[in-house]
Structures are given as structure tokens and as C-alpha cells.
Amino acid sequence: MPENLSTQLKKYLPQPILKLVKDAGEKANELGQELYLVGGVIRDLLLGRANFDLDLVVEGNAIRLAQELAKGNQAKLIIHSRFGTAKINYANFSLDVATARRESYSQPGALPDVQPGAITDDLCRRDFSINAMALCLTPQRFGELIDLYHGKDDLDHRLIRILHPNSFIDDATRILRALRYEQRLGFELEARTAELLQRDAAMLDTVSGDRIRHELELILKENHPEQVLKRAEELGVINKLHSSFKSNGWLTERFEKVRQISKQTIPYPLYLCLLIYSLTNEENERFLSRLNFPKRPAQAMRHTLQLKTQLHSLAKPQLKPSDIYQSLHSYAPQAIQANALASESTIVSQHLQLYLAKLRYVKPLLNGEDLKRMGVPSGPRLGEILNVLHEARLNGEVRTRKEEERLVYSWRHTL
Ligand code: CTP
């Protein structure tokens with residue numbers, strides 16, 4: 001008899017979500033299809049970790065089922081016909097529905113060839129035993145656990161295990177995924193998995209920059225990314241991201257500080273700027289091009305290294321706020337923040353923080369239109385006066401609109 005987890009599922013899912021998945025099972029049944037909840041949510045249900053990122057797999061036609069589910073539900077349906085998948089967005093929740101599929105890899109690192117299949121096919125193409133479980137949602141079998149690879153035992157023994165010896169060759173991103181789950185869950189790589197991971201580490205070279213970058217992004221979104229990087233170093237994998245990367249105490253301390261200052265937001269770009277902090281410009285350029293970084297984060301990383309070479313000019317204690325502003329206003333804020341965290345000099349850090357917290361927001365109260373109304377003719381001189389006004393405001397020499405006007409009148413006479 002397969003194990004049944006319906007009681008656990010009913011306790012685990014919030015009532016409205018439970019109702020949605022039950023309705024989905026019934027609807028699939030009416031269409032003569034079997035429906036399953038799969039992947040990470042089963043793992044997290046068994047571990048008692050919250051995860052309402054629900055993936056449904058149907059033996060049949062996912063798009064047809066999703067269309068039925070979205071009807072009359074005020075849900076928004078997004079269909080990806082090419083992949084046979086659909087996303088149903090409800091008011092504050094979404095369901096991913098996919099057709100059960102069979103996959104084969106024509107060559108390592110490539111995306112797989114896909115055909116419709118049974119749930120067993122769909123599970124055997126997955127990464128790790130703990131991610132390869134499914135729960136049936138069809139009414140007669142509601143809650144039935146499908147666990148062909150003993151994922152539940154591996155959860156009990158806290159192990160990350162691949163499903164077959166060629167798993168990392170088929171998809172080398174699993175190397176990075178394995179380390180991410182291992183550290184997130186406080187698990188260990190099963191011995192043979194660890195061996196194969198090291199054997200196949202070079203396969204990461206066959207993976208596109210975009211896919212590696214995506215995995216790095218997922219690592220940096222974990223609660224403690226430095227632990228994943230440390231493990232990647234121990235296993236000789238970190239150099240697949242960049243030959244000069246090192247995970248060390250310095251990085252760990254900085255990452256901890258990043259989390260203290262970031263609070264709500266995920267500090268992904270800032271982590272990146274610290275990750276490349278010890279690289280040379282050339283090394284950084286190789287990293288940016290290997291991982292095909294988009295313009296914005298690439299610029300923040302370049303600025304980080306540029307600013308690092310200019311920090312000496314911010315080490316003087318008597319700098320005026322306007323001098324600090326002039327030195328920093330052309331750099332990306334993450335680059336400034338990264339340098340503030342990285343710099344060993346208290347005075348430099350203070351100047352960088354002052355800019356980030358205050359100076360970058362300072363603007364004169366008067367604008368160009370106000371100046372023209374006050375009789376300053378358009379032209380380069382107007383721009384200069386605005387700059388001087390900005391400086392005076394940064395340095396606290398003018399505080400009110402009246403004081404700014406007085407200053408403009410005094411300069412106007414010198415025109
Ligand atoms: N998967 C896989 N191989 C990959 C990526 C994903 O086998 N390279 C499968 C796994 O079964 C995984 C599921 O697809 O559970 C969903 O992938 P993803 O959303 O990345 O992971 P989750 O398991 O949902 O985990 P997380 O908590 O990290 O989101």
C-alpha cells in the first residue's frame with residue numbers, strides 16, 4: 001500500500017490553497033486525467049518547512065486543465081504552449097501546471113528533448129531523490145505518495161542523492177543545486193553523489209553563462225550563501241564560477257554585514273559586488289562575459305573595482321560634503337555600498353555612508369525655471385549657478401528657499 005499523506009497535506013496547506021488543489025484534482029478527474037503535486041513542496045511538507053510555491057503535473061494536457069481551472073475564478077492564465085505549461089495567477093498566489101514529460105539529453109549541457117509521458121517519467125528526469133516525490137490529487141487516490149527513489153528515507157537521513165550516475169553529466173547545474181540544498185537544509189551529499197559531483201565538475205564548462213548565472217543568483221538568494229560558496233570551494237567547484245574566487249572569512253564577515261543592513265530586500269547585487277572585490281579588472285571582465293551579466297549588475301561590479309582604486313581620495317578627514325558628492329555621484333549605489341563594507345578605513349566608510357544615506361538625495365530647492373524667473377538668462381551660466389547652489393546646499397551654507405534666493409541675487413549682480 002502506498003503511503004498516504006492527505007492528513008499532513010490538509011494541515012500543511014492554508015485552507016484556500018488546499019481547496020484549490022482539491023478542486024484541481026476533481027477537475028482533472030472529470031477530464032480523465034491524473035493530477036499530482038510534485039517537487040520541492042513535497043520535500044518541504046515532509047520537513048515541515050513552509051513552501052506554497054506549488055507545482056502540479058498532469059498525466060494528460062496541462063493547458064486544457066489550466067484553462068478549466070482558471071474559468072470563473074478571477075484567475076489570470078499564462079500559457080506557454082511551447083513547453084506545454086501554464087501558470088494560474090490568483091489574487092495572491094499562483095499554481096504552475098505542467099504536462100508529465102519524458103526527457104532525453106542530446107548532448108551534455110544542452111536543454112533536454114521533451115515528450116509527454118507518465119508521472120514516473122516525469123519524476124525520473126529530476127535532480128535529487130528529495131525533489132523527485134509526488135502526491136496524487138485525484139479524488140480516489142488523494143494524498144497518495146509516489147516515492148520511487150526513496151526521497152523520504154533520504155530526508156530522514158538528511159542526504160542529497162542524485163537519481164542515476166549520469167545525472168550531473170545530463171545537467172551540470174545540478175552540481176550547484178546540490179550544494180545549495182545541502183547547505184539550506186543542513187544535509188550532506190550522499191557519498192556516491194559527492195564522488196560523482198567532483199568527477200563531473202568540469203561539465204559546468206558545457207553550461208551556458210545564463211544558466212550558471214541563474215544558479216549563482218539562486219545561491220545568493222539563500223539565507224547563508226557564503227556557506228554554499230565555502231562548500232563549492234571545498235569540493236573544487238568554485239573555480240567553475242571563476243578561477244580566482246575564494247570563499248574565506250573576509251567574505252563571510254562582509255556577507256553578514258550585508259544582511260544586517262539590507263533587512264527586507266534580497267541583497268543580490270551587493271553580494272555580487274563583494275564577490276568580485278578581490279578580482280583584477282581583467283578577471284572581472286572574464287567573469288562578466290562568462291556569466292553573460294546584464295548591463296546593470298555588470299556596471300555595478302565594474303564601478304566597484306573602479307571606486308576601489310579611488311578610495312584614497314576619500315580618506316582625508318576634512319573633506320567637505322560637496323567634495324564627497326563630487327567623488328561619488330557617478331558610481332552605482334551598490335558599488336559605493338560594497339566599498340563602504342569592504343574598506344578597512346573608518347573615515348572612508350563614514351564618507352561613503354554619508355553619501356549613501358544623505359548627500360545623494362540633497363537637491364537645491366530652486367530649479368532652472370525659478371532662476372529664470374529671478375532674471376538669470378538661460379545658458380551655461382545658469383547651469384553653473386545651479387551647481388554652486390547645489391554645493392552650498394550640500395555644505396549646509398543655505399537651508400531655506402529664502403537663503404537660496406539671496407545667494408542667487410548676490411551672484412546675479414556679478415553676471
Ligand atoms: N528540477 C530538476 N532539475 C533542475 C531544476 C529543477 O530536476 N535543474 C526539478 C526538481 O524536482 C525541483 C523542481 O524541478 O524540485 C522545481 O524546481 P525549482 O523550482 O528550482 O526547485 P524547488 O524544488 O521548488 O526548490 P526551491 O525551494 O529551491 O524553489
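Helices (H or I, at least four residues) and strands (E, at least two) are DSSP runs, numbered from the N terminus. The model is predicted: local features need pLDDT of at least 70, side-chain atom pairs count only at pLDDT 80 or more, and totals for chains, interfaces and linings use all residues. Residues are numbered from 1 along each chain as its sequence is written, and side-chain values use heavy atoms, with hydrogens and water left out.

The ligand site is described first. Helix 3 (40-47) and helix 8 (173-185) each supply at least two residues of the shell around the ligand. Helix 8 gives the most, with six residues. Of the 13 residues around the ligand, Arg43, Arg126, Asp127, Asn131 and Arg184 come nearest. By class, the shell holds eight charged, four polar and one nonpolar residue. Here Ala, Val, Leu, Ile, Met, Phe, Trp, Tyr, Cys and Pro count as nonpolar, Asp, Glu, Lys and Arg as charged, and the others, Gly among them, as polar.

Polar contacts were taken as pairs of N or O atoms within 3.5 Å; within protein, one must be able to donate a hydrogen and the other to accept it, and residues adjacent in sequence count only if both atoms are side-chain atoms. A polar side-chain atom of Arg43 lies 2.9 Å from a ligand oxygen. For Arg126, the corresponding distance to an oxygen atom of the ligand is 3.0 Å. An N or O atom in the side chain of Arg180 is 3.3 Å from a ligand oxygen. Taken alone, the ligand exposes 570 Å², and the protein buries 74% of that. Accessible areas come from the Shrake-Rupley method with a 1.4 Å probe; for residues, only the protein chains shown count as cover.

Burial was assigned by relative accessible area: buried is under 20%, exposed over 50%, and partly exposed in between (1.4 Å probe, protein chains only). Helix 13 (residues 268-275) is largely enclosed by the rest of the structure, because seven of its eight residues are buried. These are Tyr268, Leu270, Tyr271, Leu272, Cys273, Leu274 and Leu275. Their cover includes helix 10 (209-220), helix 11 (225-234), helix 12 (249-262), helix 15 (295-308) and helix 17 (333-342). Contact means heavy atoms within 4.5 Å.

Strand 1 (residues 34-38) is also mostly covered, with four of its five residues buried. Two strands pair if DSSP finds at least two bridges between them. Strand 1 pairs with strand 2 (residues 54-59) in the antiparallel sense over five bridges. Within this pairing, Glu34 is bridged to Glu59. Strand 1 also runs antiparallel to strand 8 (residues 134-136), joined by three bridges. There, Tyr36 has Cys136 as its bridge partner.

Thr99 belongs to strand 5 (residues 93-99). Thr99 is buried, at 15% relative accessible area. The Thr99 side chain reaches the backbone oxygen of Gly84 at 3.2 Å. Not counting residues up to four places away in sequence, Thr99 touches Val57, Val58, Gly60, Asn61, Ala62, Gly84, Pro116 and Asp122.

Arg158 sits in the loop between helix 6 (151-156) and strand 10 (159-160). Arg158 is partly exposed, with a relative accessible area of 42%. Asn292 lies in the loop between helix 14 (281-290) and helix 15. Asn292 counts as partly exposed at 43% relative accessibility.

Technical notes: A residue is near a molecule or strand if one of its heavy atoms lies within 4 Å of it.
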